[in-house]
Amino acid sequence: MAEHTPESDNLDRVATAREQPKSRWSFQIVWLIPIVSALIGGWLAVKAIMERGPTITVTFQNAEGLEAGKTKVKYKDVEIGMVKAVTLDKDLKRVVATAELVKDFSPHLVEDTRFWVVRPRISGGTVSGLSTLLSGSYIGVDTGKSNKHRASFAGLETPPIVTIDTPGREFTLRSHNLASIDSGSPVFFRKLQAGQVTSYQLDKDGKGVTLKVFVNEPFVQFVTTNTRFFNASGVDLKLDASGIEVQMQSVVSLLLGGIAFETPDDNGRVVTAATTETPFRLYPNRAEALKNPDTDLAKFVLVFSESVRGLAPGAPVDFRGVVVGEVVAIRADIDPKTGQIIIPVDVNIYAERMRLRSRIAAKAPEARQAFIDRLVDKGLRAQLRTGSLLTGQLYVALDFFPQAKKAPMNWAATPTVLPTTPGARQELQQAIASVAAKIDRLPLDEIARDARTMMGSADKLIRRVDTEVTPDLRQTLQSGTRLLQRVDVEVVPEAGQMIVDARKALVSADRMLASESPIQQDARSTMREVQKAAHAFRMLADYLERNPSALLMGKKEDTP
Amino acid sequence: MSATGASAYRLGLMACHTCGKLARPAPGAHEGWCPRCGASMHFRKPNSITRTWALLIASVILYIPANVLPVMESSSILGSQTDTIMSGVVYLWVSGSWPLAIVVFVASVVVPLAKIIALAFLNTSVQMRSTWQPVQRTRLYRVVELVGRWSMLDIYVIALLVALVQLKAVATINAGPAALAFAAVVVLTMVAAMSFDPRLIWDPLENNDGRAHA
Ligand SMILES: [Zn+2]
């Protein structure tokens, strides 16, 4: 290699680098990079964990509209989470939606937080969730008030009627049945909508229904412990002893069913604002609801021997127009000894409504008994009366019948029998029966026979008039004269001037037609007379034809 | 290529990184400043192995959030959505865009990871003064360096989308925290590849004259 030597020479001529101060910094500083990235990575991880919200599970009947990664969870239309998975639960009965929510929402995940699926739906005359047609269904949330945290929920199948932050209060009503009420049915106060029925459920014992109603804010103050809730669904048509009563709250309640509440005047009762725990009854109708709750009940039995058809439990017991009690039960008993059927009617008398002037005396049972004894002694009796002729409903009236037989009270029996007196209806029936008997006794047959005879002769007369009026003038005139004479005698004189005129005309015509009469000399006047007579006669005939009764009754002034 | 050939290192010479001038270090020194242009001169990239390790560790650390955290937050009238790289890949795959899903997956998940593993392998082998397959390892290094600047396509896509889709009322797209981590991983692996000195692959093959060092 020839160039080896010059290479070595050249290497010797290579410049020397300028010296660099020694530094270990670069070696140290490079480790800052992983440290910084570890810090950044750690910070990102911590941030991600901190920002990660709670994960919840909500079960639904079906997964319609639920899609993992798509369906959102919204509170007041603000997105607060996303469904991450939709699965079936173990027994395949429900679907489980797992959703991740934003962190801020975790304090609101409590026991009574409610979830439901918002889908477009039409119910109870309202359309809701229309926006979901475009954006897809989502899970709606209503926050609860409980303090107990919770992460798994049973979703509602229908959106709740009122959200928890709606100002107002919920009340619980007990009812015998649901009638036509549904969730969402309106609640009225003075015919204004004051709230809604939020839910209902059958009682555990199956003996009634418990309804929850929500009364909105300005109305809630009118719900007191004395408030009565009653069914205001549709038209309340009542047929009872007082006639027909029609009640209706609104067209809406006619369609959807509804409840109304009213607070009757507090008769000195202590009235406080009702709370959610206050027990309320749902009365079937307004009249029932506004009846005074009578606590001081006196039970009596009324024994009637007459028919109680038209008397129903709930019928009023009335004292001169004041309802003082009601019929509780009606039975029919056969006395085994006598075989006689009696009808005991149980009544409740509200003692409060027949307050004594001296209340102390009324409180003591003996005093009350003595008082009632005195009243009965004066003739106090119970009587069945017809409340409404239209409906035939009966009520029990208490009144004084001083002529009534003495009937001592037997306080030993429970319930005590209060004496009765035959009802006004019975009296009426008796009166009608006697009238009927009188009518029965009338000689109707004879009257009819007489009338028939009368009619027969009239008929004959008329027929004679018919047949004997012939075109033969002379004969006719004679017959007419005869007829008129007969009419004159046979028919009442009131046949009228017409007959007189006719007879005159006939007589003169007759005379003039005689051969020896001067009629030939004055044919014209004769003819005029005949014409007159014929005219008068025709009028009579016409008249009789139209009014054959004139033969009997005479000519009426106003008839043409 | 043979071990018998002379190298600057063996002759005690350093080349200037900037102007290529050869110079010998001052006596007792292993580096210096270029006598011609003043740039720093070394026999080998200083602290190459340590630096590469540091940068690799940093990129591994950031690789995790880059893949776990949302990389893109998009919101439109139909709601908002956050996507991680993998959720995007899954979405593309499920919606039938398999080629695109594969491209994004390879460019964003496989390549950075492969790069990190390759560099770690090279660095380890150099550190252990391995003499195994130097040519293949050098070739691997060239591939790593070449691919480096083209990886993480989605960062560029997101950058473009963020710039383009800002129709405030209708739809917006924002880069998520993972985008930052991803960009950092890209930069860190590139720097790590740069800080690795491929000449170190060959050094153990030369006769050790006592001047070699890491
Ligand atoms: Zn230089």
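Modeller: Here is the contact between the chains, followed by a few spots further along. First, some ground rules: this is a predicted model, where local features need pLDDT of at least 70 and side-chain atom pairs count only at pLDDT 80 or more, while totals for chains, interfaces and linings use all residues. Residues are numbered from 1 along each chain as its sequence is written, chains are lettered from A and ligands numbered from 1 in the order in which they are written, and side-chain values use heavy atoms, with hydrogens and water left out.

Let's start with the contact itself (heavy atoms within 4.5 Å). Chain B puts in 35 residues and chain A 27 residues. About 2,700 Å² is buried between chain B and chain A, and carbon and sulfur atoms give 68% of that; buried area here is the accessible area (1.4 Å probe) that two parts lose on being put together, summed over both. On the chain B side, the elements giving two or more residues are E2, E3, strand E4 (40–42), helix H1 (48–68), strand E6 (79–83) and helix H6 (177–195). H1(B) gives the most to that side, with 10 residues. Helices (H or I, at least four residues) and strands (E, at least two) are DSSP runs, numbered from the N terminus.

What about salt bridges across the interface of chain B and chain A? The rule finds zero, a salt bridge being a side-chain nitrogen of Lys or Arg within 4 Å of a carboxyl oxygen of Asp or Glu.

Two strands pair if DSSP finds at least two bridges between them. E1(A) and E3 (residues 31–33) of chain B run antiparallel and are joined by two bridges, with Arg18(A) opposite Trp33(B).

Now on to chain A. Thr113(A) lies in the loop between strand E5 (95–101) and strand E6 (114–118). Thr113(A) has a relative accessible area of 5%, so it counts as buried (buried means under 20% relative accessible area, exposed over 50%, partly exposed in between, with a 1.4 Å probe and protein chains only). The side chain of Thr113(A) reaches the backbone oxygen of His108(A) at 2.6 Å and the backbone nitrogen of Gly144(A) at 3.2 Å.

His176(A), by contrast, is exposed at 67% relative accessibility. You'll find His176(A) in the loop between strand E11 (168–175) and strand E12 (186–189) of chain A. Not counting residues up to four places away in sequence, His176(A) touches Lys207(A), Gly208(A) and Val209(A).

As for E11(A), eight bridges join this strand to E14 (residues 209–216) of chain A in the antiparallel sense, and Thr172(A) has Lys212(A) as its bridge partner there. E11(A) also pairs with E19 (residues 279–283) of chain A, in the parallel sense over three bridges, where Arg174(A) stands opposite Arg281(A).

Key
A polar contact is a pair of N or O atoms within 3.5 Å; within protein, one must be able to donate a hydrogen and the other to accept it, and residues adjacent in sequence count only if both atoms are side-chain atoms.
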